[in-house]
Amino acid sequence: MKNLAAYSERKRVTESVAGAVVGPSVAGPEARPTRDRVTQLLLEHGAATAAELGAELGLSSAAIRRHLDAMLVDGDVVAREQPVRGQRGRGRPAKVFRLTDSGRLRCGTHTYDGVATAALRWIAQHHGADAVGAFAAEQVAALEARCRAAMEGAGDDPMARAEALAGALTAEGYAANASTIASGGQLCQHHCPVAHVAAEFPQLCEAETAVISRLVGTHVQRLATIAHGDEVCTTHIPTQPIPSASSVRTDR
């Protein structure tokens, strides 16, 4: 009972301090829905200003800033000054906010990272790296099947399929989007449910890349991954499919 009383007192003091720092409007449970929406937008966009977030959520910059201040206190976001091109005007430069690793963790997708990593270490130790690869391929098989079903009717164009895949992956929690660039296109995933595990076992990323290639219908190349410390998982999609070895004519 004594320990419980001490815990309750610490909790009361912590909440009082939080209320003093961020204000009562963001310290209570009613703040959670808006904060979750802010977190989701930062996942999708990678970084944003209070004004940009407010515009998407239909709230004032001041209201969004209170939530961001609370997230700064909790260590869920970091802020930096927005780069200014040309001559800087009057006033303070806007701040750009980005989720931290702990902010991503609050999405609830990494709860079992420790167990998953330990299991893969056991597989690697007793059965080798190939077994880890086989396990990774089996794990993404169900994801591939669900995405393929969601992409039905997307046609054969790789970019059209990439856009459909982005929608399917977003529904799976990856916060993905596809865009056209000069050399073809790219698929970006702003969230990775297995990032911390994949940092040690890249077979997970390799299996996922193979799935993207099969679903898009062309060779793809992973340019960046959250698991390796990048802000976004980026997959390049060439303009034209790379022909298979069997379709290349060899003149002798």
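Predicted model: local features only at pLDDT ≥ 70, side-chain atom pairs only at ≥ 80, totals over all residues.
Trainee: What makes β4, β5, β7 and β6 a sheet, and in which order do the strands lie?

Mentor: The 4 strands form an open sheet in the order β4-β5-β7-β6, and their pairing is antiparallel. Pairing requires at least two bridges between two strands. In general, strands of a sheet pair through backbone hydrogen bonds, either parallel or antiparallel.

Trainee: Why are β4 and β6 called edge strands?

Mentor: Each of them, β4 (176-181) and β6 (221-224), pairs on one side only. Neighbouring strands of this sheet are turned by 25° against each other on average, with direction ignored.

Trainee: Which residues stand opposite each other across these pairings?

Mentor: R222 has T235 of β7 as its bridge partner. Q186 stands opposite H236, which is also in β7.

Trainee: How do you know that β7 is largely enclosed by the rest of the structure?

Mentor: A residue is buried when its relative accessible area is under 20%. In β7, 6 of the 6 residues are buried, and therefore the strand is largely enclosed by the rest of the structure. Both faces are covered: C233, T235 and I237 are buried on one side, and T234, H236 and P238 on the other.

Trainee: Which helices pack on the sheet that contains β7?

Mentor: Helix α9 (residues 158-171) packs on the sheet and touches β4, β5 (184-189) and β7; its direction makes about 160° with that of β4. Helix α11 (residues 203-216) also packs on the sheet, touching β5, β6 and β7, and its direction makes about 130° with that of β6.

Trainee: Is A175 buried or exposed?

Mentor: Its relative accessibility is 3%, and the cut-off for a buried residue is under 20%. A175 therefore counts as buried.

Trainee: Turning to another sheet, why are β1 and β2 said to stand at its edges?

Mentor: This open sheet of 3 strands has the order β1-β3-β2, with antiparallel pairing. β1 (48-49) and β2 (77-81) each have a single partner strand, so one side of each is left without a neighbour in the sheet. Helix α5 (residues 61-74) packs on this sheet, touching β2 and β3, and its direction makes about 115° with that of β2.

Trainee: What makes β1 and β3 count as paired?

Mentor: β1 and β3 (residues 95-99) are joined in the antiparallel sense over 2 bridges. The requirement is at least two, and therefore they count as a pair. T49 stands opposite V96 in β3.

Trainee: Why does L53 count as buried, and what does L53 touch?

Mentor: L53 is found in helix α4 (residues 50-57). Its relative accessibility is 1%, against a limit of under 20%, so L53 counts as buried. Leaving aside residues up to four places away in sequence, L53 touches V38, L41, L42, A48, I64 and L68. L53 and L42 are 11 residues apart in sequence and 8.4 Å apart in space, C-alpha to C-alpha.

Trainee: How do you know that the buried residues of α4 are on the same side of the helix?

Mentor: The buried residues are A50, L53, G54 and L57. They cover an arc of only 100° around the axis, and therefore they lie on the same side of α4. The helix is followed by G58, whose phi is positive, near 70°.

Definitions and conventions:
Residues numbered from 1 in each chain as written. Heavy atoms only, no water. Axes fitted to C-alpha atoms, helices over the stretch in contact; angles between N-to-C directions. Contact = heavy atoms within 4.5 Å. Buried < 20%, exposed > 50% of the residue type's maximum accessible area, 1.4 Å probe, protein only. Arc of directions from axis to C-beta.
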